[in-house]
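Thanks for coming, everyone. I have one structure to walk through today. Please bring it up on your screens.

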Amino acid sequence: MGEIGKFIEECIRKNPESFIEEYKGDKYSYKEFIEEIDSYINKIDINTYRRRKCLVVCRHNIEELKALIFSWKMDMIAVPMSIHYGIEQCKRSIEAVSPDLILTDDPEIQLDVKAPIYFLNTMPNKCKCEGVDEDLAGIELMMCTSGTTGMPKASMFEGEAIRSNCIAISEYFPITSDDTVLVARPLYHCAVIVGEVLTALYNGCNILFYSDTYNPIVLSRILCSNYITVMCGTPTIFKGISEALTFQKKQTQLKVIALSGEYLLPERAKSISRAFNAMIFNVYGLTEAGPRVSYLPADKFDTIPSSVGIPLKNVEISIVSEQEPFNVMANKEIGRIWIKTPYLMKGYYKNELKTKERKYGDWFDTGDVGYIDNEYLYVVGRSDDMIIKGGLNIYPRDIENCILGIDDVKEVLVYGVIIDNVEQICADVILSDRDNQDILALRKKIANKVEGYMMPHIVNIVEDFKRNASGKIVRPKKIYRV
């Protein structure tokens, strides 16, 4: 058994009576949960499964966790995946990692793959797969990333890196065995499996899984009807829940909230703060960092909510220039965010070129752009989201922040469009009043809010944006038009 399996067993022993539950589904104590997993393991020749790549793709989070823990206790390399992101993405992840076997809870899943597909109760006594990948020595977890826009990259992690990041998160995140955590996003995300589930297990929290697609009305009802004290999610998720709570004229019993996965606009931070009487942490991380990099202490949330705070223990952050020789930028100067941490992945599986593109000695280029104001980190966007117009670097979120200050603007998404080989700014806007479709009036309001060089060339009024399964907006890649 590897480090993650041992870590989970330690957590179970410390708090055997805490529970793990699926919303409108099964409920187990920690002790019962691990005993069921062990009942499957006891029927199997473990030695024949060791070091095999096990892709886990389940419809229900509680079954996903069960299969992941099973994999780790069997000394396999676990690869979480989510059906909620679509079968095609699952197939792309399968192509990227070439799993030896697949575990699921869905009898109707159609993946069209060579790897055998099993349920936990149908695992054969001996593994029928051939060969062990020696490149994965010491690896216990692979997390796929960037699968919504192209071929996923699989980040490889040693167990100690995951365990250490979980413990570091627990040093600032004030949760205990008295808390119940609502997990409402797929375990496919490193922020969820490590930052929520493993951290909750480490602290002995009760866990309630919600496995359906994002629905703020349902989530608000769960928060009001169950004694949920902790929840993590994107600002988009909490914005939707806060609007549902306002409509229902209800309040939750949440005590601790963590926001991650999206840039937090000041207006959105204010609305979330008003809706929830809780400690709110704005945090930053990425899959490759296993995942957490920094956090904003809750007592700073109302004053500098756009900041993602200070580094975790054993994390160093540096802001460097976009081009070689990668000079360190001064305070408040914008540059690429580089990190150095023992929590970092070992590399991308079977993709040494992409690994070398991001790693510079002990440092890792996150691909994000930001700055440090005194000790606090601010993220302004992804480097590939940047718009270059007239030789100026323009960050979409700066424009979005201005447009959101217009009274009848509900949401906005800004991105670059290449027209006749010239990059222009496009803004898609969702209005609060869906009957108001006056583009000219909206353009005038935007012009009064933004600097001239930031004025969008194209403004669209739209019904909604493309979103992933957790409700997070999928930002478009650069669009070329003639």
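Start with Thr145. Is Thr145 buried or exposed? Its relative accessible area is 13%. The cut-off for buried is under 20%, so Thr145 counts as buried. Keep in mind that this is a predicted model.

Where does Thr145 sit? Look in strand 7, residues 139-145.

Next, Ser242. This one belongs to helix 8, residues 235-248. With a relative accessible area of 5%, Ser242 is buried too. Beyond residues up to four places away in sequence, Ser242 touches Ala275 and Phe276. Ile217 and Ser242 are 25 residues apart along the chain, and their C-alpha atoms are separated by 9.5 Å.

Now the nonpolar side. In soluble globular proteins, nonpolar side chains tend to be buried together. Here, the largest nonpolar core has 112 residues. Which members touch the most others? They are Phe70, Phe173, Val197 and Met231. Helix 6, residues 190-202, gives the most to this core: eight residues.

Zoom in on Met231. Leave aside neighbours within four places in sequence. Met231 is then in contact with, among others, Leu182, Ala184, Leu219 and Leu223. Ile237, Phe238 and Ile241 are contacts of Met231 too.

One last stop. Another core lies apart from the largest one, with 23 residues. Its members include Leu55, Ile94, Ala154 and Met156.

How values were computed. Residues are numbered from 1 along each chain as its sequence is written. This is a predicted model: local features need pLDDT of at least 70, side-chain atom pairs count only at pLDDT 80 or more; totals for chains, interfaces and linings use all residues. Side-chain values use heavy atoms; hydrogens and water are left out. Helices (H or I, at least four residues) and strands (E, at least two) are DSSP runs, numbered from the N terminus. Buried means under 20% relative accessible area, exposed over 50%, partly exposed in between (1.4 Å probe, protein chains only). Contact means heavy atoms within 4.5 Å. A nonpolar core is a set of buried Ala, Val, Leu, Ile, Met, Phe, Trp, Tyr and Cys residues joined through side-chain atoms within 4.5 Å.
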